[in-house]
Amino acid sequence: MPFHVMLIPTLGCPANCSYCWSSEEKSPIMSIETIKEVVEWLKTFRGDSVTFTFHGGEPLLAGAEFYREALPLLVEGLSPRRIAFAIQTNLWKMTPEIAEIFAEYGVPIGSSLDGPKELNDLQRGKGYYDKTMRGYEIAREHGLNVRFITTFTSHSVKQKEEIFNFYLEKGLTLKLHPCLPSLKDDNPERWTLAPEEYGELLIYLLDKYLENLGRIEVMNIDHLCKCVFTGHGTVCTYVDCMGDTFAVGPDGDIYPCYRFIGMPEYVMGNVYDRPSMADLAQSEAWKKMHKFKEYVDTACSKCAHIKYCRGGCPYNAIVPTSGEIEGVDPHCLAYKMIFDEINKRVNEEMFGGSDMDSMFSPSSMRPSKSGIMSLMLKKL
Ligand code: SF4
Ligand code: SF4
């Protein structure tokens, strides 16, 4: 797992998506002083290459001046290490000025869109689609690489075909995210995608992907196939992320990942104190993350997929139970469904399907499409 530091310039966001946990627009913004402290902290913390992802909240609220100063400070301050950047943004605040800076530093953009306009705006708020598309056009005009993440909810999963066709017709890469219980909603489960529905959705997308090979990219499926092929996780959900991923909040507080930002019980230290790895290891958050890793070693020990699943995302497992480790990632069922399916298809494609378990599983009643080996071997 490469070293990854998420920088959260603000928790504020101008959008108000139904299932999100972020806050209002006027939230404090990270200062350039804090960026300088990040550099000083990392000089002694770890010596390897770093990928910085700007996340939020909405990170473009920090404005062009912030990025004009922050990006060279990080690159030059940590030289000669290799520094890579990425950003996750809804693109509403994208301007030609910001796009020029991102083009200069080769910053790939992840954005969020839930599918066609009507469906997207129902889940993410009226006017969202047009604002994001305006930002997308500016980014494209400057040659930036933009990929969208689609949050599938209990509502939108019923329109999965329409969503898939939307991405196919627009020539966009599809990456999906299952809706999690909202931390700010009175009814937190309202939009949540149940694990079984998520598993079925992944299998559906695998089928659609194989049907349309060469015409669309479905990133999750690419990574799931690669996990099975290489025997280890290729995205954070399927590796032990603790110790290789950190997030820094607007005030310099250090957390295990952006998802924990704003939860005081998960603060591990602050960049202004320049903590070492050993210092962070004293924090309760560190101990909890590592306890999860040990828990997975036991709880998943009999699972065929443990090497490339690793119990899923610790945030998903820990936060809904108020910090107690009572199980692995609640999406375990979905992971099992898709990993079983990929293994079954590989077996069928390579050996004509001699695995007894898979022969009698309900999914084996479906005629499967060939081509899975080309996904396994695809260069990511
Ligand atoms: S806590 Fe979850 S989302 Fe965050 S880095 Fe770990 S696996 Fe990824
Ligand atoms: S599929 Fe479930 S049981 Fe298997 S490793 Fe993943 S979380 Fe653990």
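This is a predicted model: local features need pLDDT of at least 70, side-chain atom pairs count only at pLDDT 80 or more; totals for chains, interfaces and linings use all residues.

Reply: Residues are numbered from 1 along each chain as its sequence is written, while chains are lettered from A and ligands numbered from 1 in the order in which they are written.

Me: Which strands stand at the edges of the sheet?
Reply: Strands here are DSSP runs of E with at least two residues, helices are runs of H or I with at least four, and both are numbered from the N terminus; two strands pair if DSSP finds at least two bridges between them. The open sheet has nine strands with mixed pairing, in the order β6-β5-β4-β3-β2-β1-β7-β8-β9. Each edge strand has a single partner, so one side of it is left without a neighbour in the sheet, and the strands in question are β6 (174-178) and β9 (269-270).

Me: In what sense does strand β7 pair with β1, and which residue of β7 is the bridge partner of H4?
Reply: Strand β1 (residues 4-7) and β7 are joined over four bridges, and their pairing is parallel. The bridge partner of H4 in β7 is T245.

Me: Which residue in the turn between β7 and β8 has a positive phi?
Reply: β7 and β8 pair in the antiparallel sense over two bridges, with V248 and I254 as bridge partners. The two strands form a hairpin with four residues between them, and the turn residue with a positive phi, of about 95°, is G252.

Me: Which residue of β9 is the bridge partner of I254?
Reply: Strand β8 (residues 253-255) pairs with β9 in the antiparallel sense, again over two bridges. The bridge partner of I254 in β9 is G269.

Me: Within what arc do the buried residues of helix α6 fall?
Reply: A residue is buried if 20 or more other C-beta atoms, placed from the backbone, lie within 10 Å of its own, exposed if 12 or fewer do, and partly exposed in between. In α6 (residues 160-170), I163, F164, F166 and Y167 are buried, and they line one face of the helix because, taking the directions from the helix axis to the C-beta atoms, they fall within an arc of 155°.

Me: Which elements do the buried residues of α6 pack against?
Reply: On the other side of the helix, E161 and E169 are exposed. With contact taken as C-beta atoms, placed from the backbone, within 7 Å, the buried residues of α6 pack against β5 (146-152), β6 and α7 (195-211).

Me: Which residues of the largest nonpolar core touch the most other members?
Reply: A nonpolar core is a set of buried Ala, Val, Leu, Ile, Met, Phe, Trp, Tyr and Cys residues joined through C-beta atoms within 7 Å. Leaving out residues up to four places away in sequence, Y255 touches residues including F260, Y266 and A285. Of the 98 residues in the largest core, those that touch the most other members are L202, A247, V248, Y255 and I338.

Me: How many residues around ligand 1 are charged?
Reply: A residue belongs to the surroundings if its C-beta atom, placed from the backbone, lies within 6 Å of the molecule, and those around ligand 1 include C236, C241, C257 and R259. Ala, Val, Leu, Ile, Met, Phe, Trp, Tyr, Cys and Pro count as nonpolar, Asp, Glu, Lys and Arg as charged, and the others, Gly among them, as polar. The shell holds six nonpolar residues, two polar ones and, as for charged residues, one.

Note on methods:
Two residues are in contact if their C-beta atoms, placed from the backbone, lie within 7 Å.
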